[in-house]
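Please look over the sequence and the model below.

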Amino acid sequence: MSFSLRNLLIIILLGVVGGLTISLLDIKPTPIVWVTFFIIVFAILVGKNVYILKFSTNMNTVERYVKNSKHPYYRFLYAYLHDNDADAEKELAKITSDKLRVYITILIELGRGNYDLVEKNLNKFHSKEHRDYYSAHLALLKNSQDVYNEHRSGVKNRIYQLSLDAEMAYQQGNTVEAERFGQQAIAESKGVQRYLMIKTLEKNKRNPNRNSYF
């Protein structure tokens, strides 16, 4: 069942419940009552989507959302993470947000090993923490310990810290520690972030020229 159809069924169900409630409580259906009802319905639908994207730990639910989303960014993610390059390129062409295109460029080119192109795009991040995280990640891949230390100190997000710990262990050839840190990062993440980490890890493990943990 698509999310659009599911949302329509939710609206119908809420409409029935709302109508019964108004009838049982003998509430006069004035314009303010209807406005309030539709605000509540809207909040429920938006809240459900926000929960899936930010807080859900059910990856089947998150994947259904990503797969069936009408937003080209999520459709790109689904195609890219499942090695469907043709669909990924098609959805990428629809993305107009400069912020998202910078993130996608770095995501793709890190996997391809095009480190010079990654470095050129790092300063386009508005978020300093994102710049520090990807700069530290890139430094590990280029075996630049001093640069890594400089940017690692700016990373405060717990998930990012664990991801860098996993990457450092992986680059040092310590696959056991890399897996421990990586799985801990996944366990502490939620929503699309967890989905992205799990699927990126799976994608990397399928890559015969793998160069990174995540």
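Tyr73 counts as buried because its relative accessibility is 11%; buried means under 20% relative accessible area, exposed over 50% and partly exposed in between, with a 1.4 Å probe and protein chains only. Tyr103, at 14% relative accessibility, also counts as buried. This is a predicted model, in which local features need pLDDT of at least 70 and side-chain atom pairs count only at pLDDT 80 or more, while totals for chains, interfaces and linings use all residues. Residues are numbered from 1 along each chain as its sequence is written, and side-chain values use heavy atoms, with hydrogens and water left out.

The structure holds 11 aromatic pairs. Rings of Phe, Tyr and Trp (its six-membered ring) pair if their centres lie within 6.5 Å; planes under 30 degrees apart count as stacked, over 60 as edge-to-face and the rest as tilted. Tyr73 and Tyr103 form an edge-to-face pair, with 6.5 Å centre to centre and 65 degrees between the planes. Tyr73 lies in helix 4 (residues 72–81) and Tyr103 in helix 6 (residues 98–112), so the pair ties together parts that are 30 residues apart in sequence. Helices here are DSSP runs (H or I, at least four residues), numbered from the N terminus.

Phe76 and Tyr80 form a stacked pair, at 5.6 Å centre to centre and 15 degrees between the planes. Both residues lie in helix 4, four residues apart, about one turn of the helix. Phe76 and Tyr80 are both buried. Lys203 lies over the face of Tyr80, 4.4 Å from the ring centre; a charge sits over a ring if NZ of Lys or CZ of Arg is within 6 Å of the ring centre and within 35 degrees of the ring normal.

Helix 4 also packs against helix 3 (residues 59–68), at an angle of about 115 degrees and with the axes 7 Å apart. Axes are lines fitted to C-alpha atoms, for helices over the stretch in contact, and angles run from 0 to 180 degrees between N-to-C directions. Helix 3 is therefore roughly perpendicular to helix 4, a label for angles of 65 to 115 degrees. The contact (heavy atoms within 4.5 Å) involves residues including Tyr65 and Val66 of helix 3 and Tyr74 and Leu77 of helix 4.

Asn211 lies in the segment after helix 12 (191–206). Among the residues that Asn211 touches are Gly113, Leu141 and Glu167, not counting residues up to four places away in sequence.

Terms used: Helix = DSSP H or I, 4+ residues; strand = E, 2+ residues; numbered from the N terminus. Parallel < 35°, antiparallel > 145°, perpendicular 65-115°, else oblique.
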